[in-house]
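Start with the open spaces in this model, then turn to one of its helices.

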Amino acid sequence: MLKVAELDAGYGRIPVLSGVNLAVEDGEFIGILGHNGMGKTTLLRALMGYLPAASGRVIFNGVDLTRAEPYARARSGIGYVPQGREIFPQLSVRENLRMGALKRNGDEAAVIQAALEQFPRLKRLLDRPGGALSGGEQQLLAIARCLVGDPKLVLLDEPTEGIQPSIIDEIIETLGKLRDKGGLTMILVEQNLEFISALSQRVLMIQKGAIVRSAKPDELHDVGLIHEFIGVDQ
(Lines give C-alpha, C1' and ligand atoms only; values in the text may rest on other atoms or scores of the structure.)
Protein backbone atom coordinates (compact mmCIF):
# COMPACT_ATOMS: atom_id res chain seq x y z
CA MET A 1 0.00 0.00 0.00
CA LEU A 2 2.66 2.53 1.06
CA LYS A 3 6.26 2.61 -0.06
CA VAL A 4 8.75 5.22 1.12
CA ALA A 5 12.15 5.27 -0.53
CA GLU A 6 15.19 7.29 0.59
CA LEU A 7 13.02 10.07 2.00
CA ASP A 8 14.80 13.20 3.25
CA ALA A 9 12.86 16.06 4.87
CA GLY A 10 13.28 18.71 7.52
CA TYR A 11 12.51 22.26 8.57
CA GLY A 12 14.08 24.85 6.31
CA ARG A 13 17.80 24.16 6.27
CA ILE A 14 17.58 21.85 9.28
CA PRO A 15 17.54 18.22 8.07
CA VAL A 16 15.61 15.71 10.18
CA LEU A 17 14.76 12.67 8.06
CA SER A 18 17.69 11.01 6.33
CA GLY A 19 17.13 8.26 3.80
CA VAL A 20 13.97 6.81 5.35
CA ASN A 21 12.89 3.53 3.77
CA LEU A 22 9.74 1.68 4.77
CA ALA A 23 6.94 -0.35 3.25
CA VAL A 24 3.49 -0.91 4.72
CA GLU A 25 1.19 -3.62 3.44
CA ASP A 26 -2.57 -3.28 3.13
CA GLY A 27 -4.14 -3.97 6.54
CA GLU A 28 -0.90 -3.66 8.55
CA PHE A 29 -0.62 -1.74 11.80
CA ILE A 30 2.96 -0.44 12.10
CA GLY A 31 4.45 1.21 15.18
CA ILE A 32 7.23 3.83 15.12
CA LEU A 33 9.37 4.06 18.25
CA GLY A 34 12.31 6.29 19.10
CA HIS A 35 13.76 8.96 21.38
CA ASN A 36 12.23 12.41 21.31
CA GLY A 37 13.71 14.47 18.51
CA MET A 38 14.57 11.51 16.29
CA GLY A 39 12.04 12.35 13.58
CA LYS A 40 8.86 10.41 14.44
CA THR A 41 6.42 13.31 14.07
CA THR A 42 8.45 14.73 11.20
CA LEU A 43 8.00 11.45 9.35
CA LEU A 44 4.21 11.57 9.70
CA ARG A 45 4.11 15.22 8.64
CA ALA A 46 6.23 14.41 5.59
CA LEU A 47 3.99 11.48 4.67
CA MET A 48 0.95 13.76 4.92
CA GLY A 49 2.63 16.45 2.81
CA TYR A 50 2.89 19.16 5.47
CA LEU A 51 6.66 19.03 5.03
CA PRO A 52 8.10 18.83 1.51
CA ALA A 53 10.44 16.03 0.62
CA ALA A 54 13.97 17.22 -0.06
CA SER A 55 14.56 13.95 -1.90
CA GLY A 56 13.17 10.45 -2.12
CA ARG A 57 9.71 9.16 -3.00
CA VAL A 58 6.36 8.47 -1.34
CA ILE A 59 4.20 5.98 -3.25
CA PHE A 60 0.64 5.25 -2.07
CA ASN A 61 -1.46 2.59 -3.81
CA GLY A 62 0.82 2.81 -6.82
CA VAL A 63 0.57 6.60 -7.16
CA ASP A 64 3.57 8.87 -6.60
CA LEU A 65 2.48 11.44 -4.01
CA THR A 66 5.93 12.86 -3.31
CA ARG A 67 4.98 16.36 -4.52
CA ALA A 68 1.26 16.16 -3.72
CA GLU A 69 -0.39 18.69 -1.38
CA PRO A 70 -1.97 17.47 1.89
CA TYR A 71 -5.51 17.80 0.53
CA ALA A 72 -4.62 15.56 -2.42
CA ARG A 73 -3.16 12.95 -0.06
CA ALA A 74 -6.32 13.10 2.05
CA ARG A 75 -8.46 12.59 -1.06
CA SER A 76 -6.31 9.62 -2.03
CA GLY A 77 -7.18 7.93 1.28
CA ILE A 78 -4.60 9.06 3.87
CA GLY A 79 -5.96 10.28 7.21
CA TYR A 80 -3.94 12.10 9.86
CA VAL A 81 -4.54 12.47 13.60
CA PRO A 82 -1.80 14.86 14.76
CA GLN A 83 -0.18 15.10 18.15
CA GLY A 84 -2.30 17.48 20.23
CA ARG A 85 -5.48 16.31 18.46
CA GLU A 86 -6.34 19.67 16.81
CA ILE A 87 -10.10 19.31 16.96
CA PHE A 88 -12.26 22.40 16.38
CA PRO A 89 -12.79 23.59 19.97
CA GLN A 90 -15.70 25.95 19.26
CA LEU A 91 -17.63 23.36 17.25
CA SER A 92 -19.74 20.68 18.88
CA VAL A 93 -18.78 17.03 18.76
CA ARG A 94 -21.46 16.51 16.11
CA GLU A 95 -20.11 19.39 14.01
CA ASN A 96 -16.55 18.08 14.32
CA LEU A 97 -17.74 14.73 13.00
CA ARG A 98 -19.61 16.42 10.16
CA MET A 99 -16.40 18.21 9.18
CA GLY A 100 -14.63 14.86 9.02
CA ALA A 101 -17.39 13.45 6.81
CA LEU A 102 -17.34 16.25 4.22
CA LYS A 103 -15.60 14.22 1.54
CA ARG A 104 -17.84 11.19 2.02
CA ASN A 105 -20.64 10.43 -0.40
CA GLY A 106 -23.96 9.10 0.84
CA ASP A 107 -25.93 9.52 4.03
CA GLU A 108 -23.95 11.74 6.41
CA ALA A 109 -26.15 10.81 9.36
CA ALA A 110 -25.53 7.12 8.78
CA VAL A 111 -21.77 7.70 8.55
CA ILE A 112 -21.76 9.59 11.85
CA GLN A 113 -23.97 7.01 13.52
CA ALA A 114 -21.54 4.26 12.50
CA ALA A 115 -18.70 6.25 14.08
CA LEU A 116 -20.70 6.64 17.28
CA GLU A 117 -21.20 2.87 17.44
CA GLN A 118 -17.42 2.52 17.34
CA PHE A 119 -16.91 5.32 19.88
CA PRO A 120 -19.99 5.08 22.15
CA ARG A 121 -18.56 7.47 24.74
CA LEU A 122 -19.14 10.30 22.25
CA LYS A 123 -22.91 9.72 22.01
CA ARG A 124 -23.77 11.69 25.13
CA LEU A 125 -21.35 14.47 24.13
CA LEU A 126 -22.73 15.28 20.67
CA ASP A 127 -23.90 18.79 21.53
CA ARG A 128 -20.93 19.68 23.72
CA PRO A 129 -18.18 21.96 22.31
CA GLY A 130 -15.02 20.06 21.48
CA GLY A 131 -13.00 22.38 23.69
CA ALA A 132 -15.11 21.42 26.72
CA LEU A 133 -14.14 17.75 26.49
CA SER A 134 -11.45 16.09 28.56
CA GLY A 135 -8.15 15.32 26.86
CA GLY A 136 -9.12 11.69 26.45
CA GLU A 137 -12.52 12.54 25.01
CA GLN A 138 -10.87 14.95 22.58
CA GLN A 139 -8.56 12.15 21.46
CA LEU A 140 -11.52 9.84 20.85
CA LEU A 141 -13.18 12.63 18.85
CA ALA A 142 -10.03 13.27 16.82
CA ILE A 143 -9.75 9.60 15.85
CA ALA A 144 -13.48 9.32 15.11
CA ARG A 145 -13.38 12.50 13.00
CA CYS A 146 -10.54 11.02 10.97
CA LEU A 147 -12.29 7.69 10.49
CA VAL A 148 -15.59 9.15 9.26
CA GLY A 149 -13.63 10.32 6.23
CA ASP A 150 -13.09 6.64 5.33
CA PRO A 151 -9.27 6.69 5.08
CA LYS A 152 -7.41 3.61 3.93
CA LEU A 153 -4.25 4.61 5.82
CA VAL A 154 -4.28 6.45 9.16
CA LEU A 155 -1.25 8.29 10.53
CA LEU A 156 -1.72 8.47 14.32
CA ASP A 157 0.69 10.60 16.37
CA GLU A 158 1.12 10.07 20.15
CA PRO A 159 -2.56 9.32 20.90
CA THR A 160 -2.03 8.46 24.59
CA GLU A 161 -0.23 11.66 25.54
CA GLY A 162 -1.87 13.21 28.60
CA ILE A 163 -5.00 11.07 28.70
CA GLN A 164 -6.46 8.81 31.36
CA PRO A 165 -5.78 5.03 31.39
CA SER A 166 -9.45 4.07 30.94
CA ILE A 167 -9.62 5.90 27.61
CA ILE A 168 -6.27 4.46 26.54
CA ASP A 169 -7.78 1.01 27.04
CA GLU A 170 -10.86 2.12 25.09
CA ILE A 171 -8.75 3.28 22.15
CA ILE A 172 -6.80 0.01 22.16
CA GLU A 173 -10.04 -1.98 22.10
CA THR A 174 -11.61 0.12 19.33
CA LEU A 175 -8.57 0.22 17.06
CA GLY A 176 -7.92 -3.47 17.71
CA LYS A 177 -11.41 -4.30 16.44
CA LEU A 178 -10.87 -2.17 13.35
CA ARG A 179 -7.52 -3.86 12.71
CA ASP A 180 -9.00 -7.33 13.07
CA LYS A 181 -11.99 -6.46 10.89
CA GLY A 182 -9.66 -5.41 8.08
CA GLY A 183 -9.84 -2.56 5.61
CA LEU A 184 -7.72 -0.15 7.64
CA THR A 185 -3.95 0.36 7.68
CA MET A 186 -2.18 2.40 10.33
CA ILE A 187 1.18 3.95 11.14
CA LEU A 188 1.29 4.66 14.86
CA VAL A 189 3.83 6.89 16.61
CA GLU A 190 3.70 6.21 20.35
CA GLN A 191 5.89 6.07 23.46
CA ASN A 192 3.45 4.02 25.55
CA LEU A 193 4.87 0.50 25.18
CA GLU A 194 1.70 -1.30 26.23
CA PHE A 195 -0.30 0.65 23.66
CA ILE A 196 2.09 0.22 20.76
CA SER A 197 2.68 -3.48 21.44
CA ALA A 198 -1.06 -4.18 21.77
CA LEU A 199 -1.84 -2.74 18.33
CA SER A 200 1.27 -3.02 16.18
CA GLN A 201 2.15 -6.08 14.13
CA ARG A 202 5.72 -4.82 13.87
CA VAL A 203 7.56 -1.87 15.33
CA LEU A 204 10.12 0.21 13.45
CA MET A 205 12.89 1.89 15.44
CA ILE A 206 13.99 5.37 14.33
CA GLN A 207 17.30 7.00 15.18
CA LYS A 208 18.62 10.30 13.86
CA GLY A 209 15.91 10.45 11.22
CA ALA A 210 16.39 6.96 9.78
CA ILE A 211 14.68 3.60 10.31
CA VAL A 212 17.38 1.39 11.77
CA ARG A 213 15.58 -1.71 13.02
CA SER A 214 12.32 -3.65 12.91
CA ALA A 215 11.11 -5.47 16.03
CA LYS A 216 8.25 -7.75 16.95
CA PRO A 217 5.84 -6.44 19.61
CA ASP A 218 6.99 -9.01 22.18
CA GLU A 219 10.56 -7.72 21.84
CA LEU A 220 9.44 -4.50 23.53
CA HIS A 221 9.84 -6.33 26.84
CA ASP A 222 13.62 -6.26 26.26
CA VAL A 223 14.85 -3.61 28.70
CA GLY A 224 18.10 -3.05 26.83
CA LEU A 225 16.32 -2.52 23.53
CA ILE A 226 13.87 -0.07 25.04
CA HIS A 227 16.58 1.86 26.83
CA GLU A 228 18.45 2.20 23.55
CA PHE A 229 15.53 3.42 21.52
CA ILE A 230 13.39 5.46 23.91
CA GLY A 231 15.74 6.02 26.81
CA VAL A 232 13.64 4.65 29.70
CA ASP A 233 13.28 1.34 31.48
CA GLN A 234 9.67 0.14 31.38
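The lining of the second largest pocket has eight nonpolar, three polar and four charged residues. Here Ala, Val, Leu, Ile, Met, Phe, Trp, Tyr, Cys and Pro count as nonpolar, Asp, Glu, Lys and Arg as charged, and the others, Gly among them, as polar. This is a predicted model: local features need pLDDT of at least 70, side-chain atom pairs count only at pLDDT 80 or more, and totals for chains, interfaces and linings use all residues. Residues are numbered from 1 along each chain as its sequence is written, and side-chain values use heavy atoms, without hydrogens or water.

A pocket is an open set of points on a 1 Å grid over the protein atoms alone, where a 1.4 Å probe fits, with protein on both sides within 12 Å along at least five of seven lines; lining residues have an atom within 4 Å of a point. Of its 15 lining residues, Arg104, Gln118, Leu147, Asp150 and Leu178 lie nearest the centre. α4 and α6 each give two or more residues to this lining. The largest share, four residues, is from α4.

The largest pocket holds about 660 Å³ of space. Its lining has 26 residues; Met48, Tyr50, Ala74, Tyr80 and Arg145 lie nearest the centre. β6 gives the most, with four residues.

Now follow α6, residues 165–181. Its buried residues (under 20% relative accessible area, 1.4 Å probe, protein chains only) include Ile167, Ile171 and Leu178. After α6 comes Gly182, with a positive phi near 90°.

Notes. Expected span 1.5 Å × (residues − 1). Buried < 20%, exposed > 50% of the residue type's maximum accessible area, 1.4 Å probe, protein only. Points joined across faces, edges and corners; volume = space filled by probe spheres on them.
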